Structure formats: structure tokens, C-alpha cells
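Please read them with the coordinates open.

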Amino acid sequence: MRVVSGIQPTGKPHLGNYLGAIRNYVRLQDDAMRADGECLIFLADLHAISQPHDPAELAASTRELVATLVACGVDPKQAVLFNQAQVPAHAELQWLLNGTARMGWLNRMTQWKDKAGKNREGASIALFTYPVLQAADVLLYQATHVPVGDDQKQHLELARDIAQKFNTDFGAGNEVFTLPDPIVPPDAARIMSLRDGAAKMSKSDPSDMSRINLTDDADTIMQKVRKAKTDPAPLPSDAAGLEGRPEAANLVGVYAALAGTSIAQVLAEHGGQGFGAFKPALGELLVETLAPIVARFRDLREDRPALDAILADGSAKARQLAAPTLDAAYAALGLVRG
Ligand code: TYM
């Protein structure tokens, strides 16, 4: 069992990242330990330069994200926690895979279409080839399980297509790369914005009120939930009643995911309530879940040498784990390296 996943150190990590991905990093890190496998969690700092960015902010966000992940339960003694920039094999393998990935495949990526928008001519090459780097990230370690939110599923399918084509074209009967499986939590695949039930909660949303950051204090969380967009009707008593009510469905879904229960159960308890009663209950559950994370984050973030040491240590391990597959890929392509 090889668990591999990444998160970009841009903006502030939020509740969608936590419920969609980070919580599963922690669960799978424990599963991997029990199965004598490996769990690698990395900061996708190389991905972060695919869009305009401020170098000083990127460095600061990288360290803050290490502190957040550890505060959420990623344990650097159990998982290999590192950043791509310290493991050159990611960029090297991306180049090797660029020979296999097809323009047509990348052109179909919805994230590319969304992020480039109407200005494709002005988008960076890195934004276009972003999914090839993502494929390299997981194929490099023969990943079997990749915990991600729903929005990354298409990139994972592309990674499988690239792996399959490379194995067929260059494997000479061997599987150079393992085909990775996405692990998407059914209860929190796509957490939506608090301001718009049709948009996903995102680090890049200009409105901070649209998301709960993993570093928000209790007052901020309560205020954001209180101001979350809703409709005037009370909560229905069954899931069918959430049809066509995206904001209500999102808040109920968040409650269920946090409480570890089903939507039906939440509605059995809160159906008939107005949002005036439900929102404070949801806010309190959020505060209860996030308060220990925020407290640990505040302690950890000040110790920059300790955060850098975690990344240096994790990166050294990742370099070792990456070497055999990178060598195999060079050899399969007929590239002579002395
Ligand atoms: P990123 O940094 O945007 O998000 C990190 C993880 O959080 C999940 N996520 C969500 N889940 C549910 N609801 C939401 N609103 C929500 N927003 C984000 C994402 O699905 C992701 O799992 N391209 C990736 C980073 C990456 C990567 C990889 C992931 C680079 N290489 C290799 C997996 C494997 C990204 O930008 O995630």
C-alpha cells in the first residue's frame, strides 16, 4: 500500500481541503502503517508557480501549510512529509512523461479550461502541463491510493492514462508504473462555498466569507456560519427535500461529515428547524472540531527551524523512494546515463 497525495501551498487551507482530503491523509497514513506500506504527503510548491504568485508569500505559505498538516494529524514520523522543490525527481519525471501525454488529453482538463478561462494565449505553459506534473507526483512512488477531493479525479484518470500508455509503449512487458486509484470521501467529495452553493469552496475565492479557514478562530467561524447564504425554508425531514436547495444541502452535508453521521440522521434530528437554530449548532460543531487544530497550528507555526527540518527529513526519504522508478523510466525510454 502506497498512499500519495499533494496539496498546493497557495492561499489558506480550508474546510473543503480538510474534509475532502486532509482527513483522509490521516486515516490512510494509519492504514498504511498497519499494512507495512508507505504514506507520502507533499506540498505541491512546483504546481503553485503555474499561476502568478509572490515568491515571499509562497515560502511563508509553504511553512504554514506544514504546520497545518501536522496540526491536522499528519505525523512526520509515520508519513513522509515533504515539498516537491526538494525532490528534483518530480520535475524530471514530468519531462519524461511529456513525451507520452497528448495535447488532446490536456485540452480536455476542466481545471485547465476553468483556470485559463478566455485567456488561453496568456496562460503559462506550466498551467497547461500541470496535470503531467501531477501524474509524475504519484507515478514516481508507485502510488496505489491517492486521497483527493472530487475536483482532482479527472487529473488522476489522466495519470492512469499516461501510466497505461507508457507501460504499453515502453514497458517491454513490464509495468514501469502502477495505476493509482483515487480515494474520494463519499460524504465530503465537494464542499461548496458558503456564499454560493453552486461554487466549490476554494482558496482562490476573493471572499474570505466563502470559506472556513483551518486557522480561523471561534468567533470568525461562528460569524461565517451565521452569514452563510441560505434560503428561507426550514430544513426538510429527508434528503429528497434538499433537492434544488444547494446551500442547505451543503450545510447539512458539512454537519454530517463533521459528526461522522449520515445526512438522513442529521435531518431526522434537525428537520423542521429554521437556519436560526441549525446554524449555531453547525458553528459549534465546527469550532469543536477545529479548535484543537488551530491551537496546535499556532504552537507549531512559530518554530521555523522545526518546520524546515520536517521538510528536509521528508525530502531525503522521498528522494530515496523515488530513485528506482525514475531510473526505470529513463532506462525504458532508452536514455543513456553512464
Ligand atoms: P488543492 O491544493 O487545490 O487541494 C488539496 C486537496 O483538497 C481537495 N479539495 C476539496 N475537497 C472537497 N471540497 C472542496 N471544496 C475542496 N477543495 C479542495 C482537493 O481535491 C485536493 O485533494 N492539483 C492538486 C494538488 C496536487 C495533487 C498531486 C493531489 C498536486 N499533485 C498529486 C493529489 C496527487 C491541488 O491543486 O489540490
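**Notes on the predicted model**

1. Start with Arg 245, which is buried at a relative accessible area of 13%. Keep in mind that the model is predicted. Arg 245 sits in the loop between α9 (218-226) and α10 (246-259). Its contacts, leaving aside neighbours within four places in sequence, are Asp 231, Ala 233, Pro 234, Leu 235, Pro 236 and Phe 275.

2. Next, the overall build. The protein has 13 helices and five strands. Its radius of gyration is 21 Å. A compact globule of 338 residues would have a value near 20 Å, so the two agree. The C-alpha trace spans about 70 × 45 × 40 Å along its principal axes.

3. Packing and surface. Of the 338 residues, 48% count as buried. Take the contacts with a separation of 6 or more: residues 24 or more positions apart account for 76% of them.

4. Charges. The protein has 34 positive and 40 negative charges. How far apart are the mean positions of the positive and negative charges? The separation is 3 Å.

5. Cysteines. A search of the whole structure finds zero disulfides. A disulfide would need the two sulfur atoms within 2.5 Å. Cys 72 is likewise in no disulfide, and its nearest cysteine sulfur is that of Cys 39. Cys 39 is buried, with a relative accessible area of 0%. Cys 72 is buried as well, at 9%.

6. Gln 8. Is this residue buried or exposed? Gln 8 is buried, because its relative accessible area is 16% and the cut-off for buried is under 20%. Gln 8 is placed in the loop between β1 (2-7) and α1 (15-34). Not counting residues up to four places away in sequence, Gln 8 touches Ala 44, His 47, Ala 48, Leu 65, Lys 115, Tyr 130 and Lys 203. For a distance check, take Gln 8 and Ala 67, which are 59 residues apart along the chain. Their C-alpha atoms are separated by 14 Å.

7. Lys 153. This residue belongs to helix α8 (residues 153-170). Lys 153 is partly exposed, at 34% relative accessibility. Beyond its neighbours within four places in sequence, Lys 153 is in contact with Pro 182 and Val 184. Lys 153 and Ile 183 are 30 residues apart in sequence, with C-alpha atoms 8.9 Å apart.

8. Backbone angles to check. Which value does phi take at Asp 36? It is near 60°, which is positive in a residue other than glycine. Asp 36 lies in the loop between α1 and β2 (38-43). At 73% relative accessibility, Asp 36 counts as exposed.

9. Ala 172 also belongs on the list. Its phi is positive, about 45°, although Ala 172 is not a glycine. The residue is in the loop between α8 and β5 (181-183). Ala 172 counts as exposed, with 75% relative accessibility.

Note on methods:
Residues are numbered from 1 along each chain as its sequence is written. This is a predicted model: local features need pLDDT of at least 70, side-chain atom pairs count only at pLDDT 80 or more; totals for chains, interfaces and linings use all residues. Side-chain values use heavy atoms; hydrogens and water are left out. Helices (H or I, at least four residues) and strands (E, at least two) are DSSP runs, numbered from the N terminus. Buried means under 20% relative accessible area, exposed over 50%, partly exposed in between (1.4 Å probe, protein chains only). Contact means heavy atoms within 4.5 Å. The radius of gyration is taken over C-alpha atoms; the globule rule is 2.2 Å times the number of residues to the power 0.38. Lys and Arg count as positive and Asp and Glu as negative; His and the chain ends are not counted. The place of a charge is taken as NZ of Lys, CZ of Arg, CG of Asp or CD of Glu.
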